[in-house]
Amino acid sequence: MVMFLQDAEGPPTLCDLCLAQVCQSLSSLCSMRADGSMSLIWAPVFPQETADQLLNHMAAKEILNDTTVGIFRSCKELRLRRASIQSCPLSAEAFRLALCPHRLLELDASWVSGGLTGADIVSGLASNPECRSSLQRLSLSGLRLDWESLEANGGIHVGFSSLRGLRMLNLANTDLNDAALEDICNLPHLETLDISCSAISKLTALLECKNTLRSLIAHRQRHLDMSPAQLLFVFSQLHALKHLDFSEDHFSVDDSDGRDGDETVRQLLEGSPQVLPSLVSLDISGRKRISEAAIRSFVESRSGLVFLGLLATGVSSCDFFSTQKSLKVTGEADENQVCEALRRYRDRECFIREALVHLYSLTTDTDKPQPDVLKLVVSGMQRHPTSLQIHLVATACVFNLTTQDLAQAMPISLLSSTVTQLLNTMKNFPNHQQVQKNCLLALCSDYILQEVPFDKYLAAMLVINWLSSHEDPTLQRMAVAVISILVAKLSTEEMAQFSKDIFIMKQLLAIVQQKAMVGVVDSTLKFALSALWNLTDEMPVAARNFIECRGLELYEEVLESYYTEPSIQQKVLGLLNNIAEVEELQADLMEEDILEHILSLLQDSQVDVGVRYFAGGILAHLASRPDAWTLENELRSTVLKQLHDSIMTWTHLEREMVSYRSFHPFCPLLQTCQPAGVQLWAVWAIHLVCTQNTSHYSSMLEKEGLTELLKALAAHPSTHSDIKGLSDSVLSMVEQHQIHAGAFNNQTAPQPGRQNCL
């Protein structure tokens, strides 16, 4: 079964679930044609809307390409009407064979890659007589039209005017020229035209469609060669026009560029109400030399106006707008205007960047959760993955919107997509310190790290790589804190992969050494020790790397110099426990000085019980194998006696001090042939964690077969009464758990990692 996270708007529909399953199983549902394209082995006749949805799902999941698009050659079973291939890698031949035979109403081919040009698309669609009349909406934004290449390869130049049914045409960010515009304006039903960021120099061709054109989007017309009077004349003749976007990218325009456009806007605002009297929306964001008085006069003379784009004009804070309740405005005066800008300008880097700058200021001290605003920020990041300026400001906004307790009021799925986007940003801008810092600040949230699903392995790798080249104390502390939590969240497979990298071990040990050299006790040191502890948990490769990096010598120094710091001692001894569990590494711990020191910690009644617990664990593992003991036998006898005597004085610990990935390391210690001190430590440890999390550890004991070991231990005649009592107590907890769980066997999810509380 495919699992989905519930979104803020609700759970996915049954149709979405089924389409996702088809996408996931496409290879098993298809055979391959001779040309390498896929063909469905068998398919019913899909409902027409479902065929559109399948294509859109495949495009959204980035699996639509020359191979997979082949399934849509089956026009009888999969009938397309509204097709989106946005940003997909398709060749002209694959497009012609798979999409052109359909009687399309709409096609969005914005930013397609793979060599497909606008000329290929138009000529391909025009080759289908039905498409010539049926196609109503076409988007080729971001493509090269490249008619010349088509003709050079023997193709016939078929213009846009051949698609007689077109009502909406988007040619933003293309090489559209004046000749092509003249051809377009011959379309008999053209209502919406987007020529933003194109190479047009004259707009006079628009007069040919003045009675049908309702919406004109002409953002950033840098090549226009018309006087303000000429431009204003053209606009005044567009009798059906209700939506006009004549905005400009203010970042890339100096005082000389765009002056005619700015003057045209000024004259439009201050001119006769008879010019464009039916306007419903006007966007002049980025334009200069606009006065508040002109804006007021323009709005008052056009009662039907519902939208006004004023971002980066300097006049959006006009008091007049407070009385215009039905008028939506993009600007920087308040959060509503900024969010309106983020919604409307999703594909315009210049305006998204401007809006985010103002949003950052507006959210710096916010104390209310704003999931809708966060979603807009993340959307801006997703749509502009390579824009450093957008990600620099957006990551700062993410931090503002998720800091402290704000994240806990957000939908989990939204936070998950937010963190995923932060990780993408860290990958895309690895050398930009401020971007990395912003991402790290946002990630350094206990709630996000503990509760939100995302790629923990990727996050850990990104943070450790960042840490290797930065030594800022504050950021170092955050990075190590994030790593220490993430390492404990990795799966066994991920942990095995992560622990192989000796570079990671060196980085963390370097931080410990750096702190130990000056004798400080701070959170950075504690986080680094926790990360190392978790990194070596049931990971022999990591434990071996630790030894090879001279970690034992460093930890011996730390044990001695931080004798009065139980929080440090516990973490150091916890890692040494991990090493002691690995039989082939036990010889590295067989040094009299360090064992004498650990024994002294076990015996000292003034030492914290948590410290004595981990000291006992190391000694129990080493003493459990008499054949591998290489020191004096008298020392081993002392260790075994002190283990039993010390453990019987320990008080029960209420706080959760340790968690176990599994009980496998305890199996050798619970054998009936083991000395009582070894057995007692193991049973006391099991009793401790079972008391603190009965449900989880009772299930683990049953699953891993330790209940049978405990029963055998309790029944053996030579088992010490102290051990029998603790074993019976544990078995009783397991039995009670089974009774309460009943037939449902209510097992909680595994809790990997030794260190729970940082």
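## Close-up views of a predicted chain

**View 1. Leucine 576 and its surroundings.** Leaving out neighbours within four places in sequence, leucine 576 is in contact (heavy atoms within 4.5 Å) with Leu552, Tyr555, Leu559, Leu589, Ile594, Ile598 and Ile618. Leu576, Tyr613 and Trp681 are the residues that touch the most other members of the largest nonpolar core, which holds 157 residues. Helix 30, residues 676–692, gives the most to this core, with 11 residues. Another core lies apart from it and has 100 residues, among them Met38, Leu231, Leu244 and Leu327. A nonpolar core here is a set of buried Ala, Val, Leu, Ile, Met, Phe, Trp, Tyr and Cys residues joined through side-chain atoms within 4.5 Å. Buried means under 20% relative accessible area, exposed means over 50%, and partly exposed is in between, with a 1.4 Å probe and protein chains only.

A word on the model before moving on: it is predicted, so local features need pLDDT of at least 70 and side-chain atom pairs count only at pLDDT 80 or more, while totals for chains, interfaces and linings use all residues. Residues are numbered from 1 along each chain as its sequence is written, and side-chain values use heavy atoms, with hydrogens and water left out.

**View 2. The whole chain, for orientation.** The chain has 33 helices and 12 strands; these are DSSP runs numbered from the N terminus, with helices being H or I of at least four residues and strands being E of at least two. Its radius of gyration is 35 Å, well over the 27 Å that the globule rule gives for 758 residues, so the chain is more spread out than a compact globule. That radius is taken over C-alpha atoms, and the rule is 2.2 Å times the number of residues to the power 0.38. Along the principal axes, the C-alpha atoms fill a box of roughly 105 × 60 × 50 Å. Buried residues make up 53% of the 758 residues. Among contacts with a separation of 6 or more, 70% come from residues 24 or more positions apart.

View 3. An unreviewed UniProt entry carries the annotation "domain: Protein zer-1 homolog-like C-terminal" for residues 380–735. UniProt positions follow the numbering used here, feature names are shortened, and annotations may be inferred rather than shown by experiment. Over residues 380–735 the chain is 70% helix and 0% strand, and the end C-alpha atoms are 55 Å apart.

**View 4. Alanine 460 in helix 19.** Alanine 460 is found in helix 19, residues 456–467, and counts as buried because its relative accessibility is 0%. Apart from neighbours within four places in sequence, alanine 460 is in contact with Leu486 and Phe498. Alanine 460 and leucine 552 are 92 residues apart in sequence, and their C-alpha atoms are 24 Å apart in space.

**View 5. Two positive phi angles.** Most residues other than glycine have a negative phi. Aspartate 146 has a positive phi near 55° and lies in the loop between strand 5 (137–139) and helix 7 (147–152). With a relative accessibility of 11%, aspartate 146 counts as buried. Glutamate 538 also has a positive phi near 55°, and sits in the loop between helix 23 (523–535) and helix 24 (540–548). At 26% relative accessibility, glutamate 538 counts as partly exposed.

View 6. Side chains of opposite charge can pair when their charged atoms come close. A salt bridge here is a side-chain nitrogen of Lys or Arg within 4 Å of a carboxyl oxygen of Asp or Glu, and the count by this rule comes to 21. Arginine 344 and glutamate 340 meet in one, at 2.6 Å from N to O. Because they are four residues apart in helix 12 (residues 335–344), about one helical turn separates them. Arginine 344 is partly exposed at 40% relative accessibility, whereas glutamate 340 is buried at 8%. Aspartate 645 pairs with lysine 641 in a salt bridge, the closest N and O atoms being 2.7 Å apart. Both lie in helix 29, four residues apart, about one turn of the helix.

**View 7. A salt bridge between loops.** Aspartate 608 forms a salt bridge with arginine 655, the closest N and O atoms being 3.6 Å apart. This pair links distant parts of the chain, 47 residues apart: aspartate 608 is in the loop between helix 27 (592–603) and helix 28 (609–623), and arginine 655 is in the loop between helix 29 (633–647) and helix 30. Aspartate 608 is partly exposed at 32%, and arginine 655 is partly exposed at 41%.
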